[in-house]
Amino acid sequence: MSEVLVEYPLPEVGLIRIHRPEARNALNQAVREQLAAHFTTLGNDPQVRCLVLTGGEKFFVAGADIRAMAEAGAIDILLRQSHRLWQALAACPKPVIAAVNGYAWGGGCELAMHADIIVAGESASFSQPEVKLGIMPGAGGTQRLTRAVGKFQAMKMVLTGQPVSAREALAMGLASEVVADAQVLPRAVELAGQIAALPPLAVMQIKEVLLAGQDAPLETALLLERKAFQLLFASQDQKEGMQAFLDKRKPVFKGR
Ligand code: CAA
């Protein structure tokens with residue numbers, strides 16, 4: 001039975017739901033492979049303009065599957081090539097909104113950080129507890145976290161393994177917004193619907209440039225931004241968006 005399900009709460013929004021409750025949605029290889037496959041498929045589907053990623057109402061993901069790692073050797077871990085599966089998520093050209101209820105720990109926190117927007121429930125918690133297991137984060141927990149929250153908050157999280165609450169995560173920049181637990185998925189879908197209604201070429205360029213620019217020198221990042229900005233003037237949607245404004249009517253975007 002599949003542990004990662006795809007639904008369409010709106011015609012242009014793909015919802016990816018991890019469902020492995022008996023292990024608190026822990027990421028084993030099968031779950032990682034299914035996630036990678038769904039991200040690739042939805043990322044390529046022209047009908048889908050925004051993705052929502054959730055673990056359900058009680059827990060997001062409690063980390064990598066410890067049972068699947070406990071007896072593994074270094075070469076076993078190397079041969080799993082998990083980074084290739086994570087890469088499929090990182091390469092998704094469409095915006096991804098993580099809807100986080102409950103634990104986003106270890107690989108779950110790293111999974112949430114692959115998203116572009118994080119909507120967290122009041123009771124959600126975020127943690128990089130790997131140090132307590134004698135390992136360290138291996139899917140971006142020392143890097144994406146530091147880029148999101150800065151050195152001192154990241155160090156505190158990865159060196160102590162202590163969780164932070166949704167409110168703390170919001171204050172430090174690890175969440176985009178915090179809502180009542182029951183509102184997490186509806187709010188994430190609402191945001192996804194808003195983004196899905198916007199011109200998809202502009203949305204895609206914004207995501208690509210923001211992420212690529214983060215790791216480039218400022219001058220290079222500004223150049224990337226400028227080139228993408230110029231490129232968008234070749235799109236029909238730019239003509240439509242500006243003409244609709246001048247005509248005082250609602251634009252109809254086609255992704256062209
Ligand atoms: N891997 C495998 N199984 C897990 C798991 C995990 N990460 N997290 C929970 N489970 C399993 C438990 O073993 C348990 O299974 P059984 O019923 O068969 O015993 C079941 O899920 C329920 O777990 P709990 O009884 O512990 O549930 P809880 O609600 O009391 O506690 C929790 C939840 C606080 C998240 C706790 O389960 C926990 O601490 N989990 C481990 C968290 C962790 O250390 N994550 C980091 C993993 S390493 C990693 O992520 C590395 C990486 O990215 C590269």
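Sheets, helices and a cavity

A: To begin with the strands, β7 (residues 125–127) and β8 run antiparallel and are joined by two bridges. This is a predicted model, in which local features need pLDDT of at least 70 and side-chain atom pairs count only at pLDDT 80 or more, whereas totals for chains, interfaces and linings use all residues. Residues are numbered from 1 along each chain as its sequence is written, and side-chain values use heavy atoms, with hydrogens and water left out.

Q: What is the bridge partner of Ser125 in β8?

A: Ser125 has Ser165 as its bridge partner. Strands are DSSP runs of E with at least two residues, helices are runs of H or I with at least four, and both are numbered from the N terminus. Two strands pair if DSSP finds at least two bridges between them.

Q: Which strand order does the open sheet of three strands have?

A: The order is β5-β7-β8, with mixed pairing. β5 (103–105) and β8 (164–165) stand at the edges with a single partner strand each, so one side of each is left without a neighbour in the sheet.

Q: And in what order do the strands of the six-strand open sheet come?

A: They come in the order β1-β2-β3-β4-β6-β9, and the pairing is again mixed. The twist averages 25° from one strand to the next. Within this sheet, β2 (residues 13–18) pairs with β3 (residues 50–54) in the parallel sense over five bridges. Ile16 has Leu53 in β3 as its bridge partner.

Q: Turning to helices, at what angle do α9 and α10 pack?

A: Helix α9 (residues 200–214) and helix α10 (residues 218–231) pack at about 170°, with axes 9 Å apart. Axes are lines fitted to C-alpha atoms, for helices over the stretch in contact, and angles run from 0 to 180 degrees between N-to-C directions. The angle makes α9 roughly antiparallel to α10, a term for angles over 145 degrees.

Q: Which residues meet there?

A: Gln205, Val209, Ala212 and Gly213 in α9 meet Ala221, Leu224, Glu225, Ala228 and Leu231 in α10, where contact means heavy atoms within 4.5 Å.

Q: How many cavities of 30 Å³ or more does the structure hold?

A: The structure holds one. A cavity is a set of points on a 1 Å grid over the protein atoms alone where a 1.4 Å probe fits but cannot get out, and lining residues have an atom within 4 Å of a point.

Q: What lines the largest cavity?

A: Its lining is Leu27, Arg32, Leu35, Ser82, Leu85, Trp86, Leu89 and Leu111. α3 gives the most, with four residues.

Key:
Parallel < 35°, antiparallel > 145°, perpendicular 65-115°, else oblique. 1 Å grid on protein atoms, 1.4 Å probe; cavity = no way out; pocket = protein on both sides within 12 Å on 5 of 7 lines; lining within 4 Å. Points joined across faces, edges and corners; volume = space filled by probe spheres on them.
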